[in-house]
Amino acid sequence: MAASLSIRVVFMPEVSHLEFLSGPVRFVKGIGPRRADVLSEAGVDTVRDLLQYYPRKYLDRTSVSAIKDVSSDSGPVTIIGTILTLKVIPGRRGRRFELVIEDEPGRRITCVWFKGVAWVSKVFEKDQLVAFHGRPQKYSGGISLPHPDFDVLDEEAPALATGRIIALYPGGASLSRVGLTSRSFRRTLFHLIKEHGERLQEVLPEGIQGKYNLLDGRVALRAVHFPKNEKELIRAIARLKFEELFFIQLMLARMKRDQTVEEGVVLETKDGLASRFIHDVLPFELTGSQTEAITDITRDTASGTRMNRLLQGDVGSGKTVVAVAAMLHAVDNGLQAVFMAPTEILAEQHFRNLLTYFEPLGVRVRLLLGGMKKSERSAILESLSSGDLPIVVGTHAIIQKDVSFKGLGMCIVDEQHRFGVMQRATLFKKGDRPHTLLMTATPIPRSLALTVYGDLDVSIMRDQPPGRQPIRTRLVWDRDRDSATEILRSECINGRQAYVVYPLVEESEKLDLKDAENGYEKLVAEFPDMTVDLIHGRMSSEQKESAMKKFVDGETQILVSTTVIEVGVDVSNATVMMIEHAERFGLSQLHQLRGRVGRGPHRSTCILIAHFKRSSEADERLRTMVETNDGFKISEVDLKLRGAGDFFGTRQSGLPDLKIADIVADTEILIQAREAAFELVAKDPNLDDPGNESLGAYFRAFYGREVMNLSRVG
Ligand code: ADP
Ligand code: MG
């Protein structure tokens with residue numbers, strides 16, 4: 001047994017390395033089944049996960065205060081001392097726990113707890129070396145630290161605790177309940193790295209290490225947990241960030257490569273429907289961006305490989321026209337096309353637009369929604385599978401099992417981030433490698449685009465159709481709302497229309513609906529000579545459609561709604577977007593809503609009604625809205641405020657879980673990692689050239705299966 005093991009170690013070092021990394025954390029010295037269960041909840045299942053359980057911060061002893069210098073107006077301080085006495089003291093208003101520490105002989109301070117006494121009194125022992133962090137206060141004649149953060153330092157591994165920089169690990173109640181404190185993480189990791197460190201391997205090829213001046217992987221892993229000095233720590237972190245981003249980019253590079261070798265049906269440009277649509281039907285000239293995007297699409301679809309393109313353009317940039325041209329291009333080549341939208345209202349509006357575009361061309365189109373009459377639905381399905389119907393628009397209803405096509409050649413997904421990976425995959429499987437055009441009105445910062453859309457071709461629509469006037473945005477406090485009502489009134493008197501939007505928070509849908517209903521009744525009373533209507537998510541789709549239609553037709557002047565009108569609704573005579581409780585909306589949502597106006601020749605206004613109770617983040621969102629109309633700028637602020645994980649709102653967004661890198665802050669490293677990964681895949685797509693074996697084995701072991709977690713689907 002021992003012999004065969006050592007043979008494997010000698011001849012297949014990478015197997016031993018990978019087996020070691022994927023070994024269950026339960027068997028690591030100092031862990032055991034109970035702690036392993038708790039760790040698993042924190043996402044730590046394997047040795048590799050444990051090694052990548054990176055410190056949340058570091059305690060630098062040079063920033064530690066001496067007790068003799070601490071006073072009640074020092075502000076927050078960190079001190080390190082030895083515990084002299086500890087005692088629970090009964091009192092009139094309850095017990096408290098006091099602990100006296102000393103750093104130099106005679107220099108003492110008291111730490112005191114009034115809450116959690118039973119628990120905290122069991123944590124410490126006399127003579128322990130402990131770091132405390134807190135805000136000193138005057139206390140019974142002396143100075144104390146009430147309820148400080150603390151970290152018991154390793155008395156049994158003095159080399160670790162007396163180093164200049166000490167790692168502190170992410171904690172939490174369930175971890176500390178099983179004794180997983182920073183101290184035990186340090187102890188466990190110290191032994192793990194000391195006993196098994198030689199089983200670790202460098203996975204990055206030498207060339208990449210040299211070119212980007214990276215610290216050796218093994219050194220970096222040791223140093224991130226036990227840095228010798230600050231300089232080493234900084235290099236270790238940089239190396240580990242690079243590595244983390246590099247492997248994600250490697251996945252993307254390989255996916256993109258797979259797609260470019262994936263065949264796609266060749267679409268020829270004909271003097272057909274697409275060209276008649278652009279030249280005879282459209283009442284306007286294409287913008288430069290639209291022309292470029294259409295050129296991209298005709299080039300992609302003529303290339304013989306499958307198109308997988310993202311169309312990114314701010315609200316109102318005219319993406320629909322591009323989508324229509326793409327669909328007609330497929331129809332010109334005898335294929336079918338589908339246009340999928342995330343909401344019924346949006347699908348209905350696209351449908352109405354297509355009807356007017358297609359009428360003069362004699363192209364048939366149908367609308368497919370959930371909850372349709374059976375007979376109506378089966379008629380549509382029948383004509384899709386027979387190939388009679390060239391184009392269908394709809395919601396998720398399109399990806400139901402029983403929907404099939406004779407020859408689906410083009411898939412358009414509007415507001416694509418609102419769909420999950422699997423939903424998009426299901427749609428694409430309804431054809432034989434159909435060309436796909438994903439559309440988004442959420443401009444995203446470059447760093448995110450490189451990660452989330454890293455395997456796609458992207459067309460960006462920067463110019464807006466001509467003749468638009470920039471939208472004015474006003475922030476109005478609730479108590480000054482009369483001024484907002486005045487704007488509403490004067491616009492409506494001039495023949496314009498207005499939206500009044502109320503937030504919809506899922507948990508309290510009833511309450512929000514009541515808000516909107518009350519607002520609606522008030523407006524009805526305030527504007528007796530106008531038609532005010534209400535639209536909300538609890539109405540049937542027929543009711544919603546008829547309310548929308550009345551607004552589109554100009555019968556309704558003021559449309560009160562919950563956020564069901566969020567995307568895509570297009571009424572060019574609407575010039576006021578009044579958003580109630582604007583402080584409750586996210587930035588991209590506010591920007592989307594504002595994009596509902598300013599779509600015609602008239603100057604439009606967006607009024608943000610804000611209530612008194614709001615966070616500083618909400619303040620920054622509102623300020624940003626007032627300052628800029630630029631979707632890209634707004635997305636940068638949004639990303640900064642929310643962090644990458646929340647940026648798209650769902651876990652399905654395709655953003656990988658990052659343990660050390662930060663997509664926003666580490667853009668520079670990201671760009672280098674991307675360059676390295678794409679260069680490597682271009683030279684060695686299967687990652688098995690000499691010098692890349694270790695990398696290839698590691699990649700296959702830990703990234704092979706995660707491809708589906710990324711947003712793109714081939
Ligand atoms: P979005 O990119 O937000 O989906 P739409 O496709 O809904 O934008 O277009 C917004 C509005 O601009 C629509 O009313 C559309 O008819 C109009 N539009 C699109 N392209 C042009 C153009 N080249 N010139 C003038 N108006 C245009
Ligand atoms: Mg749109």
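What share of the contacts in the protein with a separation of 6 or more comes from residues 24 or more positions apart? The share is 74%. Contact here means heavy atoms within 4.5 Å.

## Basis of the model

This is a predicted model: local features need pLDDT of at least 70, side-chain atom pairs count only at pLDDT 80 or more, and totals for chains, interfaces and linings use all residues. Residues are numbered from 1 along each chain as its sequence is written, chains are lettered from A and ligands numbered from 1 in the order in which they are written, and side-chain values use heavy atoms, with hydrogens and water left out.

## Overall build

The protein has 26 helices and 22 strands. Both are DSSP runs numbered from the N terminus: helices are H or I with at least four residues, strands are E with at least two. The C-alpha trace spans about 90 × 70 × 45 Å along its principal axes.

## Surface and charge

Of the 714 residues, 54% count as buried. Buried means under 20% relative accessible area, exposed means over 50%, and partly exposed lies in between (1.4 Å probe, protein chains only). The accessible surface comes to about 32,700 Å². Carbon and sulfur atoms hold 51% of it. These areas come from the Shrake-Rupley method with a 1.4 Å probe; for residues, only the protein chains shown count as cover.

Side chains number 94 positive and 96 negative. Lys and Arg count as positive, Asp and Glu as negative; His and the chain ends are not counted. The centres of the two sets lie 5 Å apart, with each charge placed at NZ of Lys, CZ of Arg, CG of Asp or CD of Glu.

## Nonpolar cores

A nonpolar core is a set of buried Ala, Val, Leu, Ile, Met, Phe, Trp, Tyr and Cys residues joined through side-chain atoms within 4.5 Å. The largest has 74 residues. F277, L328, L354, F358 and I391 have the most contacts inside it. Helix α14 (residues 319-332) gives the largest share of this core, ten residues.

Beyond its neighbours within four places in sequence, I391 touches several residues, including M327, L328, V331, L354 and F358.

## Two positive phi values

Most residues other than glycine have a negative phi. H147 has a positive phi, near 40°. H147 sits in the loop between β7 (142-146) and β8 (149-152), and is partly exposed at 36% relative accessible area.

N213 has a positive phi of about 50° and is not a glycine. The loop between α9 (206-211) and α10 (217-225) holds N213. At 57% relative accessibility, N213 counts as exposed.
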